[in-house]
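Work through the exercises below with the sequence and the 3D view open.

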Amino acid sequence: MDSSPLVIVNPVAGPSASRVLERDRLKLAMRRRGLSADWVETQVDYDAGQIIDDHPGTGPVVVIGGDGTVQPAANRLRGGERPLLAVPRGSGNVFARSLEIPMLLDQALALIERGRVIRVDVGKMADEVFLLGAGIGLDANVIRGADRAMKRRVGGLAYVYSAAQNLPVDHHDFEID
């Protein structure tokens with residue numbers, strides 16, 4: 001079974017001006033470290049989970065993107081031995097930030113060299129995992145309202161704008177089984 005890294009890149013994550021430069025820097029950084037990797041970009045109808053299914057192996061899966069790119073990868077890898085490195089390139093990067101994964105590409109890749117793997121707990125709702133929390137009500141509406149087009153235009157401020165659009169908050173009672 002292949003033990004080389006699988007690199008999954010969301011080509012629309014992060015600022016558009018730097019995407020090509022970052023991709024070239026990543027490939028160079030991996031070559032400097034002697035890592036040859038399968039390099040696959042996500043598409044609207046081809047997410048990180050499907051890419052992992054199509055590229056089985058034992059090597060680490062490096063996901064470059066935001067939480068929306070990382071989540072399908074975590075869903076596929078949960079319970080297994082194949083490590084996941086989330087390189088933050090989205091607008092929120094909550095999962096990567098909570099694990100203190102560096103925002104700088106070379107520093108994030110250095111984590112592969114260290115070879116330290118930590119296990120994280122995941123939650124599960126229906127057939128999907130979540131990594132930090134599941135939201136309903138205002139939280140879910142804010143995340144949904146900060147769509148890709150808005151995040152592309154204003155970055156993380158899309159969440160502030162979406163929150164403002166969802167005020168005042170209508171209170172609801174929720175019951176969870």
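**Exercise 1.** Which residues line the second largest cavity?

*Solution.* This is a predicted model, in which local features need pLDDT of at least 70 and side-chain atom pairs count only at pLDDT 80 or more, while totals for chains, interfaces and linings use all residues. Residues are numbered from 1 along each chain as its sequence is written, and side-chain values use heavy atoms, with hydrogens and water left out.

Step 1: on a 1 Å grid over the protein atoms alone, a cavity is a set of points where a 1.4 Å probe fits but cannot get out, and lining residues have an atom within 4 Å of a point. Step 2: the lining consists of Asp2, Ser4, Leu6, Asp38, His55, Pro56, Gly57, Thr58 and Arg82. Step 3: sorted by class, these are two nonpolar, four polar and three charged residues; Gly counts as polar. Step 4: the volume of this cavity is about 40 Å³, a volume being the space filled by probe spheres set on the grid points.

**Exercise 2.** State the order of the strands in the open sheet, and find its edges.

*Solution.* Step 1: strands (E, at least two residues) and helices (H or I, at least four) are DSSP runs numbered from the N terminus, and two strands pair if DSSP finds at least two bridges between them. Step 2: the order is E2-E1-E3-E4, with parallel pairing. Step 3: strand E2 (38–41) and E4 each have a single partner strand, so one side of each lacks a neighbour in the sheet. Step 4: E1 (residues 6–9) is joined to E2 by four bridges; Ile8 has Val40 in E2 as its bridge partner.

**Exercise 3.** Which strands does H5 touch?

*Solution.* Step 1: contact means heavy atoms within 4.5 Å. Step 2: H5 packs on the sheet and touches E3 and E4. Step 3: within H5, Leu105, Ala108, Leu109, Ala110 and Ile112 are buried (under 20% relative accessible area, 1.4 Å probe, protein chains only). Step 4: just after H5, Gly115 has a positive phi of about 70°.

**Exercise 4.** Describe the second largest pocket.

*Solution.* Step 1: a pocket is an open set of grid points with protein on both sides within 12 Å along at least five of seven lines. Step 2: the second largest pocket holds about 870 Å³ of space. Step 3: it has 28 lining residues, and the closest to its centre are Pro83, Leu84, Val117, Ile118 and Arg119. Step 4: helix H3 (67–77), strand E4 (84–88) and helix H5 (105–114) each give two or more residues to the lining.

Conventions: Buried < 20%, exposed > 50% of the residue type's maximum accessible area, 1.4 Å probe, protein only. Axes fitted to C-alpha atoms, helices over the stretch in contact; angles between N-to-C directions.
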